[in-house]
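Biologist: I am new to this structure and would like a close look at a single part of it. Please take the nonpolar core and the strands around it.

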Amino acid sequence: MDEDHYHSDIKFLPPPNPHDIVALDAIRAQGNICPTANIDPEKESIFAVYDVSDELLEQYQSHFPYKVAVRWQIVTADLPIHYDWGTSSDKYLYLIDTGGDDVKTEFYSELDDDPIEGGSLDIEGRTLIKTIQEVPNSWFRINVKTPHRVVGITRPRIALIIRPSVLAFHERKGPLCP
Ligand SMILES: [Fe+2]
């Protein structure tokens, strides 16, 4: 499998303008639009998703030939190994803060009966395939339809994320979490 299957650096997306980067408290004040997005419903929420401004949405939409969702994503603890929900394998991230001084995304081998539609997984029986040392302030793409986890989070991890949208533009504030 080629290098780009799991991860690639992205040059076609510009960084967000500094004045469009919202402080953590202000992002959180908007209310989590994906309150059920916790990986383990029994535990305290470690994962929240928020709308971006119309300016940011329109700026990044203009770089894609299909409808995208652009979100702030805040993660407050290590993410267990999982497949992302949704149908697309491409997710673009721009980390305002990686969430720690040594944060890594790790990709693991697949198993035959994996629930690739989304959800967390057992790590048992899987091999670590690739490790990404995360750096802030640059766009990269990861394949979220391979088993992956994020480790080393010691403070809120703040990301601008882009993924193909399952919602029409006017419905983008709806209850779904594309
Ligand atoms: Fe993920």
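Which residues have the most contacts inside the largest nonpolar core, and how many residues does this core have?

Modeller: This is a predicted model, in which local features need pLDDT of at least 70 and side-chain atom pairs count only at pLDDT 80 or more, while totals for chains, interfaces and linings use all residues. Residues are numbered from 1 along each chain as its sequence is written.

The largest nonpolar core has 20 residues, and Val70, Trp72 and Ala159 have the most contacts inside it. A nonpolar core here is a set of buried Ala, Val, Leu, Ile, Met, Phe, Trp, Tyr and Cys residues joined through C-beta atoms within 7 Å. Buried means that 20 or more other C-beta atoms lie within 10 Å of the residue's own, with C-beta atoms placed from the backbone. At least two core residues come from each of α2 (54-61), β3 (68-75), β5 (90-97) and β11 (157-164). Helices (H or I, at least four residues) and strands (E, at least two) are DSSP runs, numbered from the N terminus. β3 gives the largest share of the core, five residues.

Val70 is in contact with Val52, Leu56, Leu57, Tyr60 and Ile162, leaving aside its neighbours within four places in sequence. Contact means that the two C-beta atoms, placed from the backbone, lie within 7 Å. Apart from this core lies another, of five residues, including Tyr6, Tyr83, Phe107 and Val144.

Now the strands. β3, β5 and β11 belong to an open sheet of six strands, ordered β1-β9-β5-β11-β3-β2, with antiparallel pairing. Two strands pair if DSSP finds at least two bridges between them. β1 (7-9) and β2 (47-51) each have a single partner strand and stand at the edges, so one side of each has no neighbour in the sheet. On average, neighbouring strands of this sheet are turned by 30 degrees against each other, direction ignored. Angles run from 0 to 180 degrees between N-to-C directions, and axes are lines fitted to C-alpha atoms, for helices over the stretch in contact.

Within this sheet, β5 and β11 run antiparallel and are joined by five bridges. Leu93 has Ile161 in β11 as its bridge partner. Helix α2 packs on the sheet and touches β3 and β11, its direction making about 125 degrees with that of β3.

Conventions
A residue is buried if 20 or more other C-beta atoms lie within 10 Å of its own, exposed if 12 or fewer, and partly exposed in between; C-beta atoms are placed from the backbone.
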